[in-house]
Amino acid sequence: MHSGMPTGTSAINDVVSIEIIGNTGLIALDNPPVNAASHAVRTGLWQALETLQQDDSVQVIALYGKGRTFIAGADIREFGKPPQDPWLPDLCNFIEGTEKPIVCVLHGTTLGGGLEVAMSCHARVAIPGTRVGLPEVTLGILPGAGGTQRAPRLAGVAFALDMITSGKPVSTEVALENGLIDRIGEGEPREVALQAAQDLVSGALPRRKTGELVASPDQAAIDEMRTKLAKTQAQLFSPHKCVDAVEACHLPIRDGMAEERRLYTACMESPQRAGLIHAFFSERAVTKVPEAAAEPREIRSVGVIGGGTMGSGIATALLLAGLPVTLTERDQAGLERGTETIARNLDGAVKRGKLSAEGREKILSDTLSTSTDLKALADVDLVIEAVFEEMSVKRDIFGTLDTVCKPGAVLASNTSYLDINDIAATTERPEDVIGLHFFSPAHVMRLLEVVVAEKTSPEVVATGFALAKKLKKIAVRSGVCDGFIGNRIMTFYKKAADYMMMDGASPEEIDTAMRGFGFAMGPYQVADLAGLDISWAANKRRAATRPKEERYIPIADRICENGWFGRKTGQGFYIYDDNGSRPNPDALSIIDAERENAGVTPRSFTSEEIVERFMTAMISEGVRVLEEGIALRPIDIDAVFLNGYGFPRFRGGPMHTADVIGAGELVRRIEAYAQEDSYYWQVPELLRKMAASGEAFAEMNARG
């Protein structure tokens, strides 16, 4: 008997509606932009299910999302707030326990809580191109609404472990092959939902309650994952808890979910969760800049000057984003080297599945052009100069561009350190000049420092941010100073490392300590990788203006004087050969000689001392960058170091780490270190004020 509910569409609330067609009750989710599992969605879905359960005319329920995706995960606006009923775990259990069969249709990116909702339904159909995943581990937590219990029941323990501990989404085909979904369906989500509902009624689409399935025991997969994580992610908390949770999938579903909840709570209480959430939000915060309201200029074609490693990498990034590129070099040999590097970079993109072989050929034949004449850049919308770090060379180039490029073209320098104001002054259009500091390898690294000179127009700044978005990079606004945000701070804390090296710690000890903190490489490994000749050139450039009071450590210069520039020459602080890398005994001899010349009696440093000095130096210069307005907010500095310098993501960045340490403790450390070197170790005034007031950098971020 019909309960009297009218056929047609009825709104449950602003984001959930139901529609009855024949014997099918359709539930539509419409919570733009990504149908996040907000409180309104959870409440509306629960009420919709109750309504349809009570309607005698409804034999089957189908759930789908409007817009570009099914549920793409939790609502980030609710992060950090007390949870409101209904909790997602309760909703998933309610869905699974309904008497009437429920099928859901997945499209777009069905992630996290969205996939957990899907797995609690009785059947799953996905539109081609859908990607599904459980990325909670990237935020320092684990799937907390049954994901660790239902995924292994549907797809097996080994597959579930890999997906949950990596956080990486999988394609529709992979999800189908492993049993995570039941079918791939062509068409619009609503039509696919109607068909799937009828197939569920007829039995053509099997109905299964996931919690009633039994996961096949696979202790070998669990042991293998534990061994792997012990080697690759020993410092991280949540991946190991993910394994513990999946191991509980042999329990009855409610018991397994109770264990999942216990482990989820432990993750929530971990400092790593706070660091990873901060890192997540940093990528959104950095887009809020004063020039955001300006209209960016249209970029249809780009010129790149310089075919070296950096220029070729920038050109590759632009080409992969679909932008036509004109690469210029001084001579044909330079162009050929640059083109070969680009071709190798594209080969890597093909190998990683980011580009088809046909796409590679099309780029090299149609999208990339080359010239030895800067006049070839007459019609491009943007020029990025990426030549050697020599101001006279850059000034000459920009002087030429001023006469060659069309009005309105954006003129950008990829300089790592040099004064953008000085470069802009060589043109008659300083408002069009900006710094776009890419990080090497430019087609891989996500960070782009957008360096705003005194006369750069808001539209040009907005264009830099729009370009970063097109390239899928994270843009951070920086003011002009030597090294901008990242390299300025790096130059400062590298001195702290050099002082420790001179005073008794070996490069290997310092690198080992910083890897223990969470960096993939220590500062001397990084220096060897980047090329010691780059910092050598910067040291020579700064020599004339170096204050007499500054303690200068010439060890790296002495290594360079031997022609040892790091990895590219086979030796630097380390030796690199077919046997891997190891400390360079000749470099150690240079260190011993310089200690003797300086009258230094070496002393030992613990790993804790090394980390404390290194981080205190990094943070103190970060505070000065804030004081001077070079960075807009503390979180901008964090974004730079997370995405350009390998700062451990679970620690949230240097300024987030400063809040963990506390301003008072940082002041105490600096004052203690100043007993040895009062010129280098100085307490920034802002930090002293924070120590007195109890203010944290997080409060500055909140103010925007």
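**Entry 1: helix H20**

I began with what covers the buried residues of H20, and the list includes H18, helix H19 (507–517), H21, strand S19 (574–577) and helix H24 (607–627). The model I am reading is a predicted one. H20 itself runs over residues 523–530, and its buried residues are Pro523, Tyr524, Gln525, Ala527 and Asp528. Just after H20 I found Gly531 with a positive phi of about 110 degrees.

**Entry 2: salt bridges**

I searched the whole structure for salt bridges and got 44. I kept notes on a few of them.

I looked up Arg300 and found a salt bridge with Asp381, with the closest N and O atoms 3.3 Å apart. Arg300 is in the loop between helix H11 (271–285) and strand S11 (302–305), while Asp381 is in the loop between strand S13 (368–371) and strand S14 (382–385), so this pair ties together parts that are 81 residues apart in sequence. Arg300 is partly exposed at 45% relative accessibility, whereas Asp381 is buried at 5%. I also noted that Arg300 and Asp381 belong to a network of salt bridges with Glu298 and Lys406.

Next I went to helix H18. Asp498 forms a salt bridge with Lys494, and the closest N and O atoms are 3.1 Å apart. Both residues sit in H18 (residues 486–503), 4 residues apart, which puts about one helical turn between them. I have Asp498 down as buried, because its relative accessibility is 13% and buried means under 20%.

Lys495 is in H18 and Glu550 in the loop between helix H21 (532–542) and helix H22 (555–561), so the pair ties together parts that are 55 residues apart in sequence. Of the two, Glu550 is buried with a relative accessible area of 15%, and Lys495 is partly exposed with 24%.

**Entry 3: aromatic rings**

I then searched the whole structure for aromatic pairs and found 16. In one of them, Phe280 and Phe281 have ring centres 5.4 Å apart and planes at 75 degrees, so I call the pair edge-to-face. Phe280 is buried, with a relative accessible area of 17%, and Phe281 is partly exposed, with 28%.

The rings of Phe519 and Phe614 also make an edge-to-face pair, with centres 6.4 Å apart and planes at 75 degrees. This pair links distant parts of the chain, since Phe519 is in the loop between H19 and H20 and Phe614 is in helix H24, 95 residues apart. I found both Phe519 and Phe614 buried. They are also members of a cluster linked by ring pairs, together with Phe439, Tyr493, Phe517, Phe641, Tyr645 and Phe647.

Arg546 lies over the face of Tyr552, 3.8 Å from the ring centre. The charged end of Arg624 sits over the ring of Phe492, at 5.0 Å from its centre.

Most residues other than glycine have a negative phi, and most peptide bonds are trans. I wrote down some exceptions.

Asn35 has a positive phi, near 50 degrees. I placed Asn35 in the loop between strand S3 (24–29) and helix H1 (39–53), and it is buried at 2% relative accessibility. Phe484 is not a glycine either, yet its phi is positive at about 60 degrees. Phe484 lies in the loop between strand S18 (474–478) and H18 and is buried, with a relative accessible area of 0%.

Asp85 and Pro86 are joined by a cis peptide bond, with omega about 0 degrees. Pro86 is in the loop between strand S4 (60–65) and helix H2 (88–97). Ser440 and Pro441 are also joined by a cis peptide bond, and here omega is about -5 degrees. I found Pro441 in the loop between strand S16 (433–438) and strand S17 (447–451).

**Entry 4: Leu180**

What surrounds Leu180, leaving aside its neighbours within four places in sequence? Its contacts there are Leu115, Met119, Arg124, Val132, Ala151, Leu154, Ala155, Phe159, Met163 and Ala175. Leu180 lies in the loop between helix H6 (172–177) and strand S10 (183–184), and it is buried at 0% relative accessibility. I also took the C-alpha separation of Leu180 and Gly518, which is 34 Å for two residues 338 apart along the chain.

Definitions and conventions
Residues are numbered from 1 along each chain as its sequence is written. This is a predicted model: local features need pLDDT of at least 70, side-chain atom pairs count only at pLDDT 80 or more; totals for chains, interfaces and linings use all residues. Side-chain values use heavy atoms; hydrogens and water are left out. A salt bridge is a side-chain nitrogen of Lys or Arg within 4 Å of a carboxyl oxygen of Asp or Glu. Helices (H or I, at least four residues) and strands (E, at least two) are DSSP runs, numbered from the N terminus. Buried means under 20% relative accessible area, exposed over 50%, partly exposed in between (1.4 Å probe, protein chains only). Contact means heavy atoms within 4.5 Å. Rings of Phe, Tyr and Trp (its six-membered ring) pair if their centres lie within 6.5 Å; planes under 30 degrees apart count as stacked, over 60 as edge-to-face and the rest as tilted. A charge sits over a ring if NZ of Lys or CZ of Arg is within 6 Å of the ring centre and within 35 degrees of the ring normal.
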